[in-house]
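Good morning, everyone, and thank you for making the time. I would like to go through one structure with you, taking a few local features in turn and giving the criterion behind each term as it comes up.

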Amino acid sequence: MIIYAGIDGTSTEEETYEATYKYSFINRLFRRELVQFLDTWYLRGPYLSGFDTSERAEACYDWVKEQWTSGAAKAIFLGGHSRGGAAVIEVAKWLKERDNLPVECLILFDAVDRTNTLGGVFRNTPIASNVKKVIHARRDIMRTHSRMSFGNCGTTYESSQTPLFQQYFFATHSGVGGVPWKKAVDPVGGVLPLPTIWEPGETMPTNVTVTQDAAGSTQVWGWAKSHIAFAFEQCKLRLEQEKPNQKPDFQIPNQQPVGSLPPTQGGKQRIHIVQPGEWLSKIALKYYGDAMKYPIIHKANLKIIGPNPDIIRPGQELIIP
């Protein structure tokens, strides 16, 4: 019921693109290395000119719309790296404007918009309000000096309520997408080895070595995996709850009827002790009958949990408002 469509990063490559981007994060999600999407779709990223970005966005939209219309899809995950990120931002917008369809999760790896066919170079299309969650890994431009000639898109929103999980990494633009540089050479002569990576088209080299780029790319995937997997599990849980006249395929100890609350004792504050295998949405389902109310518990327990709602530990005592 949960589908995924991804558009990868920009490149001039033809015959070598498939090999270069084999282990890109967008491609790995397509191959279901992290979570088992019901069906997946993938397209290489736009060429350097960017004129084909709109075509790729339309192809993505058509596939997603067909899956939804056929009844195969009940939830949509979209992913994009570089200009591919700009493309899927547009796809989410079209799904709202043309069909009023929700996007469960928008996964971006250093999204940029240097496109002539999606509103002009450097346009930062707002992320549509139908997007339920955004996960965006970005290069730290000021520290890395990677791709100084352009910034990011996916930084403005139609709704201030859209949950955003964002992190900056010490990696190049390519490394953030899962394609770290293999060597550092002079982009003009291409022969002389350099201490740091010099990206073609830029006027100066980055501050990132090949080793640092590989390490930063690994950190990106580790961070993104936890957020994507959590979003996927949340989505599965919600879809199970929405099935008519069907019990969910999981068991929750002492579960109350949906919509009811466990009784308080003499009006005292409710306390929940985290058990192994629990997460906030599961606890929210137990107390509120709605897994998506996990932010209520997170907000009440910020000092205990910290800023990341994905990480709770057995034995923590949580206040249940």
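Predicted model: local features only at pLDDT ≥ 70, side-chain atom pairs only at ≥ 80, totals over all residues.

Residues are numbered from 1 along each chain as its sequence is written, and side-chain values use heavy atoms, with hydrogens and water left out.

As for the overall picture, the protein has 10 helices and eight strands, where helices (H or I, at least four residues) and strands (E, at least two) are DSSP runs numbered from the N terminus. Of its 321 residues, 51% count as buried. The protein exposes about 15200 Å², of which carbon and sulfur atoms supply 55%, with areas taken from the Shrake-Rupley method with a 1.4 Å probe and, for residues, only the protein chains shown counting as cover. If we take contacts, meaning heavy atoms within 4.5 Å, between residues at least 6 apart in sequence, 72% of them join residues at least 24 apart.

Let me return to Glu-33 and its charged surroundings. Glu-33 forms a salt bridge with Arg-28, with the closest N and O atoms 2.9 Å apart; the term requires a side-chain nitrogen of Lys or Arg within 4 Å of a carboxyl oxygen of Asp or Glu. Arg-28 is itself partly exposed, at a relative accessible area of 22%, and Arg-28, Arg-31 and Glu-33 are linked in a network of salt bridges. Under this criterion the count comes to 12 salt bridges.

Another of these pairs is Arg-32 with Asp-39, whose closest N and O atoms are 3.8 Å apart. Arg-32 counts as partly exposed at 28% relative accessibility, and Asp-39 likewise counts as partly exposed, at 26%.

The side chains of Arg-139 and Asp-110 also meet in a salt bridge, at 2.7 Å from N to O. This pair links distant parts of the chain, with Arg-139 in strand β5 and Asp-110 in the loop between β4 and β5, 29 residues apart. Here Arg-139 is buried, because its relative accessible area is 0%, and Asp-110 is buried at 0% as well.

Strand β1, residues 2-7, is mostly covered, with six of its six residues buried. In a regular strand the side chains alternate between the two faces of the sheet. In β1, Ile-2, Tyr-4 and Gly-6 point one way, whereas Ile-3, Ala-5 and Ile-7 point the other way.

Which strands does β1 pair with? Strands count as paired if DSSP finds at least two bridges between them. Six bridges join β1 to β3, residues 75-81, in parallel, and Tyr-4 has Phe-77 as its bridge partner there. Five bridges join β1 to β2, residues 39-43, again in parallel, with Ile-3 standing opposite Asp-39.

Moving on to a loop, Asn-124 lies between β4 (105-109) and β5 (134-139), and counts as partly exposed at 25% relative accessibility. Leaving aside neighbours within four places in sequence, Asn-124 is in contact with Asn-152, Cys-153, Gly-154, Thr-155 and Thr-156.

Finally, the cysteines. How many disulfides does the model contain? The count comes to zero, a disulfide being a pair of cysteine sulfur atoms within 2.5 Å. For Cys-235, the closest cysteine sulfur is in Cys-105, at 9.1 Å, which is too far for a bond. Cys-235 counts as buried because its relative accessibility is 0%, and Cys-60 is buried at 0% too.

Key:
Buried < 20%, exposed > 50% of the residue type's maximum accessible area, 1.4 Å probe, protein only.
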